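Today I am opening my notebook on charged side chains and how they pair up. Here is the structure I looked at.

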Amino acid sequence: MPMVIFRRRGADLYCYIAKQDLEAKVIAVEHDTPDRWGGAVSLEGGRRYFVSEQPGRPDFPVSLRASRDAQN
């Protein structure tokens with residue numbers, strides 16, 4: 001599972017995938033509430049990753065492990 005870094009740039013959330021040296025804008029997060037954050041993460045360009053659900057929206061920037069979504 002690659003390590004990914006989520007960070008804010010203005011109002012947008014970006015994801016950096018270290019193993020691929022790729023940074024892409026996050027266009028959707030399956031669970032994005034103050035009480036629960038994570039699940040399937042859709043990136044600009046069509047890539048999807050899965051991050052374990054967090055017990056609330058994390059403070060960005062944050063490093064998490066991610067796996068390729070099975071729907072890719």
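Which side chain meets Arg7 in a salt bridge? I looked it up in this predicted model, and the partner is Glu23, at 2.6 Å from N to O. Arg7 sits in strand 1 (residues 3-9) and Glu23 in strand 3 (residues 22-33), so this pair ties together parts that are 16 residues apart in sequence. I also checked accessibility: Arg7 is partly exposed at 31% relative accessible area, and Glu23 is partly exposed with a value of 31%.

Next entry: I asked what else Glu23 is linked to. I found a network of salt bridges that links Arg7, Arg9 and Glu23.

Then I turned to Asp12. Its side chain meets that of Lys25 in a salt bridge of 3.7 Å, N to O. Asp12 belongs to strand 2 (residues 12-17) and Lys25 to strand 3, so the pair ties together parts 13 residues apart in sequence. I noted Asp12 as partly exposed, at 30% relative accessible area, and Lys25 as partly exposed too, at 25%.

My last pair was Glu53 with Arg36, whose side chains form a salt bridge at 3.3 Å, N to O. Glu53 is in strand 5 (residues 48-54) and Arg36 is in strand 4 (residues 36-43), so here the parts tied together are 17 residues apart in sequence. Glu53 is partly exposed at 40% relative accessibility, and Arg36 is partly exposed at 37%.

To finish, I wrote down the total: the count comes to five salt bridges, with a nitrogen of Lys or Arg within 4 Å of a carboxyl oxygen of Asp or Glu as the cut-off.

Methods: Residues are numbered from 1 along each chain as its sequence is written. This is a predicted model: local features need pLDDT of at least 70, side-chain atom pairs count only at pLDDT 80 or more; totals for chains, interfaces and linings use all residues. Side-chain values use heavy atoms; hydrogens and water are left out. Helices (H or I, at least four residues) and strands (E, at least two) are DSSP runs, numbered from the N terminus. Buried means under 20% relative accessible area, exposed over 50%, partly exposed in between (1.4 Å probe, protein chains only).
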